[in-house]
Amino acid sequence: MSSASGKIFRLRNGWYDCFRGARRRCEDRKHRSFPRYGGRGIKFLLTVNEIIKLWNRDRGDFMLKPSLDRIDPDGDYCFENCRFMEFSVNVSRKTEDWDE
């Protein structure tokens, strides 16, 4: 995929960067966040079709900065445990969890 066509694809498919990032955190041992995800045993089990369904269900295209969230932070990335939410809400939610 050329640089220009890749940019157009990502603009039309906002879910893609979230999909790719979550998968890398779980599967790529060189990713800086791997120890907190794949290193803890969290698996990436979403298919492309499932992430598109989540994106449409949660209206990710209307968010300023969509973020893929796991409802149970100790659970896997699977359809039943994921949702899209605003990045700022997701980050503040995680900060609250860390303070406990």
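The model is predicted: local features need pLDDT of at least 70, side-chain atom pairs count only at pLDDT 80 or more, and totals for chains, interfaces and linings use all residues. Residues are numbered from 1 along each chain as its sequence is written, and side-chain values use heavy atoms, with hydrogens and water left out.

**Fold.** The chain has four helices and two strands. Their order from the N terminus is α-α-α-β-β-α. Helices (H or I, at least four residues) and strands (E, at least two) are DSSP runs, numbered from the N terminus. Of the 100 residues, 37% are buried. Buried means under 20% relative accessible area, exposed over 50%, and partly exposed in between (1.4 Å probe, protein chains only).

**Core.** The largest nonpolar core holds 17 residues. Such a core is a set of buried Ala, Val, Leu, Ile, Met, Phe, Trp, Tyr and Cys residues joined through side-chain atoms within 4.5 Å. Phe44, Leu46, Ile51, Leu68, Tyr77 and Phe84 touch the most other members.

Helix 2 gives the largest share, five residues. Setting aside neighbours within four places in sequence, Tyr77 is in contact with residues including Ala22, Cys26, Phe44, Leu46, Leu68 and Cys82. Contact means heavy atoms within 4.5 Å.

**Strand pair.** Strand 1 covers residues 66-70; five of its five residues are buried, so the rest of the structure largely encloses this strand. In a regular strand the side chains alternate between the two faces of the sheet. Here Pro66, Leu68 and Arg70 point one way, while Ser67 and Asp69 point the other. Strand 1 and strand 2 run antiparallel and are joined by five bridges. Strands pair if DSSP finds at least two bridges between them. Asp69 stands opposite Arg83 in strand 2.

**Asp76.** Where is Asp76 found? Asp76 sits in the loop between strand 1 and strand 2. This residue is partly exposed, with a relative accessible area of 23%. Not counting residues up to four places away in sequence, Asp76 touches Gly41, Ile42, Lys43, Leu45, Arg70 and Asn81. Its side chain reaches the backbone nitrogen of Lys43 at 2.9 Å. Asp76 and Gly38 lie 38 residues apart in sequence and 9.5 Å apart in space, C-alpha to C-alpha.

Note on methods:
Polar contact = N/O pair within 3.5 Å; in protein donor to acceptor, adjacent residues only side chain to side chain.
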